[in-house]
Amino acid sequence: MRIEVYDKVVDEARYIRETVFLQEQGFEKEYDEYDDVAKTIVIYDGDEAIATCRLYWDNEVNCHHMGRIAVLKHRRGEGLGAIIVTEGEKVIKSLGGKEVFISGQIQVAEFYKKLGYTQYGEVYMEENHPHVALKKIL
């Protein structure tokens, strides 16, 4: 297994994000202006890209935002979600970041809490999917 960090959205990350968020979960708006400035992390097993996330500085929350965290369905349950989040935190630290914000779907909030994130605020909707805000001090 290898982990790569890119300064742009690469095709492998697009494939994972489109498979998970558009096809599986029914989101319609996968790409936005943050993709132009975000770093993208991809985990590979051999030549197969199996997990991804992106991170960028978010002026609204005044810290780094990690999102579009996705693992291909046939590789879930192997700890890859924790690996990609931990790798994102390492990259943020290397950039001088001290705090991470995640807008997480409500069904995975406990996963983030186990990784040290604290939920705050009320549940809100993004494209008809309930989300919660989570933060972690690095």
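Start by selecting Arg 17, Glu 30, Asp 32, Asp 35, Arg 54 and Arg 68: salt bridges link these residues in a network. The model you are viewing is predicted. Its salt bridges come to 16 in total.

**Stop one: Arg 75**

Select Arg 75 next. This residue sits in the loop between strand 4 (63-71) and helix 2. Is Arg 75 buried or exposed? Arg 75 is buried, because its relative accessible area is 12% and the cut-off for buried is under 20%.

Now show Asp 45. The side chains of Arg 75 and Asp 45 form a salt bridge, 2.9 Å from N to O. Asp 45 belongs to strand 2 (residues 39-45), and the pair joins distant parts of the chain, 30 residues apart. Asp 45 is partly exposed, with a relative accessibility of 33%.

At 32% relative accessibility, Glu 48 is partly exposed.

**Stop two: Asp 58**

Move along strand 3 (residues 48-58) to Asp 58. Which side chain of opposite charge is nearest to Asp 58? It is Arg 54, 8.1 Å away. Asp 58 is buried and has no salt bridge.

Look at the polar partners instead. The Asp 58 side chain reaches the backbone nitrogen of Glu 60 at 2.9 Å. A polar contact, also listed at 2.9 Å, joins the side chains of Asp 58 and His 65. Leaving aside residues up to four places away in sequence, Asp 58 touches Cys 63 and His 65.

**Stop three: helix 2**

Select residues 80-94, which make up helix 2. At 1.5 Å a residue, these 15 residues should span 21 Å.

Color the helix by burial. The buried residues are Leu 80, Gly 81, Ile 84, Val 85, Glu 87, Gly 88, Glu 89, Val 91 and Ile 92. In an α-helix there are 3.6 residues a turn, so residues three or four places apart point the same way. Then step past the end of helix 2 to Gly 96, where phi is positive, near 90°.

**Last stop: Lys 135 and Glu 99**

Finish with Lys 135 and Glu 99. Their side chains meet in a salt bridge at 4.0 Å, N to O. Lys 135 is in strand 7 (residues 129-137) and Glu 99 in strand 5 (residues 99-105). The two are 36 residues apart, so select them by number. Glu 99 is partly exposed, at 23% relative accessibility.

Technical notes: Residues numbered from 1 in each chain as written. Predicted model: local features only at pLDDT ≥ 70, side-chain atom pairs only at ≥ 80, totals over all residues. Heavy atoms only, no water. Helix = DSSP H or I, 4+ residues; strand = E, 2+ residues; numbered from the N terminus. Buried < 20%, exposed > 50% of the residue type's maximum accessible area, 1.4 Å probe, protein only. Lys, Arg positive; Asp, Glu negative; His and termini not counted. Polar contact = N/O pair within 3.5 Å; in protein donor to acceptor, adjacent residues only side chain to side chain. Contact = heavy atoms within 4.5 Å. Expected span 1.5 Å × (residues − 1).
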